[in-house]
Every structure is written in C-alpha cells, then in structure tokens.
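This report describes a protein chain for a reader who has its sequence and structure at hand. Please look over both before reading on.

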Amino acid sequence: MHPQPSRCLGDMVFNSKHKPVVELFGLPEPPTAGRGRLVHAAIELFYSHGFQAVGVDQIFTAAGVTKTTFYKHFESKDDLVVAAIQQRDEWEMQAWTSAVRAAAGDDPKEQLVAFFDVLDVWFNAPEFRGCQFINAAAEFPNPNDPVHAVAAEHKRKNRDFFRDLAAAAGAEDPESFADRYTALVEGTLVLRQVHGRDDAATVIKPAVESLVSEALP
C-alpha cells in the first residue's frame, strides 16, 4: 500500500492529522520469502497506481524477485491481485479493530462513533488514495470476477462487524442498524475519495452520533 511499515494503527495519536498511511494500517515488516514479497510489493503498487496500471515487471522489480519466482506462486497477475486484496483485508480488519479500541476502549457504542475519528485521521494522511476495496471493485466491475468478489467480501465483513458491535451495544435491530451505519461509512468514503473532502468524516460524524443515539440504548 505504501512505504516501509513501522508501527500499528492502534498506537497512533488521534489528534494528529498527518500520520503516514503506513502507520494507520500497521503493515508488518516486509516478508523475506518470495511469495510474501510479491504480495507486499503488489499491495503498495496497486494502492499507489491502480490495479490495471501496474505491470508484473514492476512488481518483480519492487519485490526483488525473478519472473520464475512469480510464476512459481501465481498463475497470472489476477491471481496476485486476489492474494493482495485478501492480505490487505486481513491487515485492515486487525488494524481498524485495534485503532477503534485504542480510541474508545471496549465500549461498542463508543467504538461505533470513534470509527469516524479513525477515518478522519486516515483521510488526512498525505498518502491517502481512497479505499482499495472500492478501487478494486470499480476496476473489476463484473461481480463474478474473483477480484471483485474478494473486494465485495471485505465490505460484507465490515458491515457484519458493525452489526455485531450494535448487537453488543444492545440494539433492538442490529441488522437494520448495520445497513444504515454502513451507508454512512460508504457515503463518507465517497465524499472523501470522489469529492476530495478531507473533512468528510467530521462532516458525517454528527449523523453517526444521531443514529447511535437513536438506535442504541
């Protein structure tokens, strides 16, 4: 996704507007094995330049591996794209959970509000290039494409995570809450990514607080 990783998202300072994106997502140290190096390099390149714009030769060079090593682990570039998105999904799910807990403790209701504080830090990072899963779904629009499918699965997991937080907070209808909350999250991403509003999370946060206050006891 970005430059050399350092520390975990959960350790960041939330009043800082200029933390590098790498710190927000807590990427591990670059792997030493060939497959891991390819996936790590691909995540960084795809996030910075887009999936279609990056060729396999660029990935070989960035990963410091040979073409033979690439084809030992992947049949095609699309296979690597799927692996990169799956790895990114794993990193992000862990990182966001850690960051939200660092900001709000173990209270699920507070965590649902704090999620937008974390979004605000991410949106103001210099390396912000949008949501990689939205980017993937847009570049591979066919819902039957494996790349689109893994990106969509990440979004479903996020929605279910919000549902589970709402249930833990005592929501009468956590499914309905998850739908409305997810709509706010995704709308905030569009406001930031498409409209260029780095204040998007701050703008939407009052609506989130209103929803949380209405739906959760």
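## Lys 155 and its surroundings

Apart from neighbours within four places in sequence, Lys 155 is in contact with Cys 131, Phe 133, Ile 134, Glu 186 and Leu 189. Lys 155 is found in helix H8. Is this residue, Lys 155, buried or exposed? Lys 155 is buried, because its relative accessible area is 18% and buried means a value under 20%.

## The fold as a whole

The secondary structure of the protein consists of 10 helices and zero strands. Read from the N terminus, the order of elements is accordingly α-α-α-α-α-α-α-α-α-α. Of the 217 residues in the protein, 49% are buried. The protein exposes about 10,100 Å², and carbon and sulfur atoms supply 51% of this area.

Contacts can also be sorted by the separation of their partners along the chain. Among contacts between residues at least 6 apart in sequence, 66% join residues that are at least 24 apart.

## Confidence in the prediction

The average pLDDT of the protein is 87, and 85% of the residues score at least 70. Which elements have the lowest and the highest mean pLDDT? Helix H1 (residues 21-25) has the lowest, at 52, whereas helix H9 (residues 174-193) has the highest, at 98. Over residues 1-21 the pLDDT stays under 50, and for these residues the model has 71 contacts beyond four places in sequence.

## Helix H5

Helix H5 covers residues 77-104, which makes 28 residues. From its first C-alpha to its last, H5 reaches 40 Å, close to the 40 Å expected at 1.5 Å a residue. An α-helix has 3.6 residues a turn, so residues three or four places apart point the same way. After H5 comes Gly 105, whose phi is positive, near 75 degrees.

Ala 83 is buried, because its relative accessible area is 9%. Ala 102, in contrast, is partly exposed, because its relative accessible area is 45%. Not counting residues up to four places away in sequence, Ala 83 touches Arg 35, Val 39 and Phe 74.

## Two further buried residues

His 148 has its place in helix H8. His 148 counts as buried because its relative accessibility is 17%. Leaving aside neighbours within four places in sequence, His 148 is in contact with Ala 137, Phe 140, Pro 141, Asn 142 and Pro 143.

Val 208 lies in helix H10, which spans residues 200-215. With a relative accessible area of 0%, Val 208 is buried. Beyond its neighbours within four places in sequence, Val 208 is in contact with Leu 112, Val 113, Phe 116, Tyr 181 and Leu 184.

| Pair | Separation in sequence | C-alpha separation |
|---|---|---|
| Ala 102 and Ala 114 | 12 residues | 9.4 Å |
| Ala 83 and Arg 35 | 48 residues | 9.8 Å |
| Val 208 and Val 113 | 95 residues | 6.6 Å |

## The cavity

How many cavities of 30 Å³ or more does a search of the whole structure find? The search finds one. About 200 Å³ of space lies in the largest cavity. Its lining comprises 19 residues, and those nearest its centre are Glu 92, Trp 96, Phe 115, His 154 and Asn 158. Which helices each supply at least two residues of this lining? They are H5, helix H6 (108-123), helix H8 (146-168) and H9.

Key: Residues are numbered from 1 along each chain as its sequence is written. This is a predicted model: local features need pLDDT of at least 70, side-chain atom pairs count only at pLDDT 80 or more; totals for chains, interfaces and linings use all residues. Side-chain values use heavy atoms; hydrogens and water are left out. Helices (H or I, at least four residues) and strands (E, at least two) are DSSP runs, numbered from the N terminus. The expected span of a helix is 1.5 Å times one less than its number of residues. Buried means under 20% relative accessible area, exposed over 50%, partly exposed in between (1.4 Å probe, protein chains only). Contact means heavy atoms within 4.5 Å. Accessible areas come from the Shrake-Rupley method with a 1.4 Å probe; for residues, only the protein chains shown count as cover. pLDDT is the predictor's confidence in each residue, from 0 to 100. On a 1 Å grid over the protein atoms alone, a cavity is a set of points where a 1.4 Å probe fits but cannot get out, and a pocket is an open set with protein on both sides within 12 Å along at least five of seven lines; lining residues have an atom within 4 Å of a point. Grid points are joined across faces, edges and corners, and a volume is the space filled by probe spheres set on the points.
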